[in-house]
Amino acid sequence: MSAVIEISGLRKTFHTVRQGRRVAVDGFDLLVEAGQIHGFLGPNGSGKTTTLRALLGLVRADAGTMSVLGAPSPERLADVSGRVGAIVESPQFFGNFTARKTLRLLALAGGVPTGRVDEVLEQVGLRDRGDDRVKGYSLGMKQRLAVASALLKDPELLILDEPANGLDPAGIREMRDLMRSLADAGVTVLLSSHILGEIQLICDHVTIVSHGRRVAHGRVDEVLAGFDQHEWRVRVAEPERATELLGRIGVSVAAHPDHLLVTGVDDAEVISRTLGEAGLWVRELVPLRPDLESVFLELTGDAGHPALPRQVDGAPPDDQVIDLDVRGTQEVQA
Ligand SMILES: Nc1ncnc2c1ncn2[C@@H]1O[C@H](COP(=O)(O)OP(=O)(O)OP(=O)(O)O)[C@@H](O)[C@H]1O
């Protein structure tokens with residue numbers, strides 16, 4: 001699969017009068033391949049926006065190499081800008097304009113046929129509300145309008161910084177459906193977020209950043225599998241006896257008020273057979289799989305320790321390089 005975004009060894013330090021020197025991105029690597037919905041996750045202040053801004057040529061990096069769709073960034077970003085849509089800074093829309101008028105103006109300004117306007121309104125589910133004034137829109141609808149503006153030029157790559165920020169669960173679900181339909185249409189999507197549960201449902205690949213360093217990356221299921229301790233919640237009528245029986249076959253059991261926590265068993269059958277053969281019938285047997293949130297907290301809890309190597313998840317990617325598009329950041333001033 002070909003690389004759509006590649007970042008290697010990105011470093012960015014800010015110097016401010018009040019806070020002095022602040023390392024925002026600390027030797028960060030990112031690889032996004034064609035067709036992925038790639039989650040770029042990290043706590044507040046971990047360097048996600050700075051990374052995306054550097055990639056799009058909106059801030060100058062101190063070190064590192066970046067590319068978008070094969071073009072080195074920022075040097076050759078202009079070559080691919082027409083193929084990239086990005087919303088990195090929250091777009092401000094003029095509230096008295098309708099979505100249709102807003103998009104029409106953006107299309108005209110960007111040299112995009114205005115016929116695209118209805119298509120993108122349809123794509124983001126705003127076609128029926130396209131003639132309403134933006135000031136009457138919910139936050140979710142404004143986010144979708146922002147995505148629509150980035151879709152105008154029919155990009156191969158869409159970069160969204162915190163698209164789910166401030167959305168209620170229904171808005172997040174809409175955003176998720178939208179991302180999926182874009183991916184189905186062949187668009188590669190990179191979205192940054194600190195809202196983890198939903199990202200797990202939206203993305204197939206993930207890169208987790210902490211203190212400007214990548215701490216995990218890969219397929220979401222593979223990243224999660226790496227943290228799977230093969231735990232099971234077991235409810236049974238005689239927990240003491242069950243603990244003893246499972247202990248005899250070398251299984252670790254912790255007693256909780258209303259259940260047993262069984263660890264280190266790959267196959268549920270081991271538990272049900274051991275107990276069933278002794279006449280103890282299992283009432284509940286539930287695998288406890290790690291979710292992205294628990295993995296994220298574990299990884300970002302200490303990954304920023306200065307003693308750690310700059311990157312802790314293995315070798316940097318060795319595929320092609322890619323860069324982002326400055327013109328992808330679209331703003332309509334009120
Ligand atoms: N223009 C700037 N001047 C000084 N410091 C900055 C600037 N931009 C970012 N920083 C600092 O760099 C660090 C990384 O910030 P960044 O906005 O990239 O993080 P983030 O992961 O996007 O966070 P959030 O989820 O809150 O948006 C933070 O400590 C931030 O204060």
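Residues are numbered from 1 along each chain as its sequence is written. In this predicted model, local features require pLDDT of at least 70 and side-chain atom pairs count only at pLDDT 80 or more, whereas totals for chains, interfaces and linings use all residues.

The protein chain is divided into domain 1 (3-225 + 294-314) and domain 2 (231-288), with bounds that come from an automatic or database domain assignment. The centres of domain 1 and domain 2, taken over C-alpha atoms, are separated by 44 Å.

An open sheet is formed by four strands in the order 2-1-4-5, with antiparallel pairing. Helices (H or I, at least four residues) and strands (E, at least two) are DSSP runs numbered from the N terminus, and two strands pair if DSSP finds at least two bridges between them. Strand 2 (20-33) and strand 5 (71-73) are the edge strands, each pairing on one side only. On average, neighbouring strands of this sheet are turned by 25 degrees against each other, direction ignored.

Strand 1 (residues 3-16) and strand 2 run antiparallel and are joined by eleven bridges. A hairpin connects strand 1 to strand 2 through three residues. Ala3 has Glu33 of strand 2 as its bridge partner, while His15 stands opposite Arg21 in strand 2.

Helix 1 (residues 48-55) lies across strand 1, strand 2, strand 4 (63-68) and strand 5, and runs at about 115 degrees to strand 1. Axes are lines fitted to C-alpha atoms, for helices over the stretch in contact (C-beta atoms, placed from the backbone, within 7 Å); angles run from 0 to 180 degrees between N-to-C directions.

The ligand is surrounded by 13 residues, of which the closest are Phe14, Ala24, Asn44, Thr49 and Thr50; a residue is near a molecule if its C-beta atom, placed from the backbone, lies within 6 Å of it. Strand 1, strand 2 and helix 1 each give two or more residues to this shell, and helix 1 gives the most, with three residues.

The largest nonpolar core holds 75 residues, among which Ile5, Val68, Val147, Ala148 and Ile159 touch the most other members. A second, separate core of eleven residues includes Trp232, Ala242, Val253 and Leu260. Such a core is a set of buried Ala, Val, Leu, Ile, Met, Phe, Trp, Tyr and Cys residues joined through C-beta atoms within 7 Å; buried residues have 20 or more other C-beta atoms within 10 Å of their own, C-beta atoms being placed from the backbone.

Definitions and conventions: A residue is buried if 20 or more other C-beta atoms lie within 10 Å of its own, exposed if 12 or fewer, and partly exposed in between; C-beta atoms are placed from the backbone. Two residues are in contact if their C-beta atoms, placed from the backbone, lie within 7 Å.
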